[in-house]
Amino acid sequence: MTSVLIVEDDGDIRAMLARGLSAEGFAVDLAGGVDEALAAARERVPEAVLLDNMLPDGSGHDVCRSLREGGYPGAILFLSAKDEVGDRVDGLAVGADDYIVKPFVFDELLARLRTHLQRRRVTGEARTLVSAGRLSLDLATRQVRFGEVTARLTQREAELLAILMEQASRPVTRGDIFDRLWASQGGLSLNVVDVYVGYLRTKLADIVRAGGPSLVTVRGRGFMLDLHEAGFRQ
């Protein structure tokens, strides 16, 4: 039975989600704040977390960040009344898989939850290690390595890097990246790709300084992980 942790301080929303997910066959745990959520996740590691952003003892960002830094591999979906694009980008930047704006339709939430669960299961079964030249990425731990230099990525940064590594030394368009990572999330534009490329460049800075491949912009074509600059040919 798939387990889901609902972190929500509004009792009515929490009860509605618990009833709906239980009826769909999920095992549900409940939490109303940051400390309670982290304690519940330690007691029984859920396969997914539905996470309110505004909690009485802190932010959902605190929960998401703590879970990801601790190596939590499951799906995290923000549920928030904040609907600005910047709020969505910030939620994804701390490691969430999705950002759903309140009020939401339960059937849509359920469909998106199942999509993320299935994608993570398929990813986990099909591959955990991606490599390009001497650069390697462990999708399970989200650690990227070049020689002795390592960096830890968020889930979405790791997924972006994996796409670029699969197409190493070939440009990948913004549209292709967006379709693979964000098309299912309403309200976001192609600009989110540029934002995450910026995040990824920052995370890879030490690797680039050590002679590793760089993430370059190919005008009119998109982005490319350039192995040639590191002395590789494929």
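# Sheets, helices and confidence

Visitor: What is the order of the four strands in the open sheet?

Guide: The order is β8-β9-β10-β11, and the pairing is antiparallel. This is a predicted model, where local features need pLDDT of at least 70 and side-chain atom pairs count only at pLDDT 80 or more, while totals for chains, interfaces and linings use all residues. Residues are numbered from 1 along each chain as its sequence is written, and side-chain values use heavy atoms, without hydrogens and water.

Visitor: Why are β8 (129-132) and β11 (149-152) called edge strands?

Guide: Each pairs on one side only. Neighbouring strands of this sheet are turned by 15° against each other on average, direction ignored.

Visitor: What makes β8 and β9 (residues 135-138) a pair?

Guide: Pairing requires at least two bridges found by DSSP. β8 and β9 have four bridges, in the antiparallel sense. They therefore qualify. L129 stands opposite D138 in β9.

Visitor: Which order do the strands of the parallel sheet follow?

Guide: Five strands run β2-β1-β3-β6-β7 in an open sheet. Its edges are β2 (27-31) and β7 (98-101). The twist averages 20° from one strand to the next.

Visitor: How many bridges join β1 (residues 3-7) to β2?

Guide: Five, in the parallel sense. L5 stands opposite D29 in β2. Helix α2 (residues 34-43) lies across β1 and β2, at about 170° to β1. Helix α3 (residues 60-69) lies across β3 and β6 (75-80), at about 175° to β6.

Visitor: Why are α6 and α7 called oblique to each other?

Guide: The axes of α6 (residues 155-166) and α7 (residues 174-181) cross at roughly 130°. Under 35 degrees is roughly parallel, over 145 roughly antiparallel, 65 to 115 roughly perpendicular, and the rest oblique. The pair is therefore oblique. The axes come within 11 Å, and the crossing is right-handed.

Visitor: Which residues of α6 meet α7?

Guide: R156, E159, L160, I163, L164 and E166 meet I177, R180 and L181 in α7. Contact means heavy atoms within 4.5 Å. The contact divides into five nonpolar, no polar and four charged residues.

Visitor: What is the mean pLDDT of the chain?

Guide: The mean is 88, on a scale from 0 to 100. 93% of the residues reach 70 or more. Among the elements, helix α5 (residues 106-126) has the lowest mean (79) and strand β3 (residues 48-52) the highest (96). Over residues 229-234 the pLDDT is below 50. That stretch has 14 contacts in the model beyond near neighbours in sequence.

Key: Axes are lines fitted to C-alpha atoms, for helices over the stretch in contact, and angles run from 0 to 180 degrees between N-to-C directions. Helices (H or I, at least four residues) and strands (E, at least two) are DSSP runs, numbered from the N terminus. A crossing is left-handed if the near helix is turned anticlockwise from the far one by less than a right angle, and right-handed if clockwise. Ala, Val, Leu, Ile, Met, Phe, Trp, Tyr, Cys and Pro count as nonpolar, Asp, Glu, Lys and Arg as charged, and the others, Gly among them, as polar. pLDDT is the predictor's confidence in each residue, from 0 to 100.
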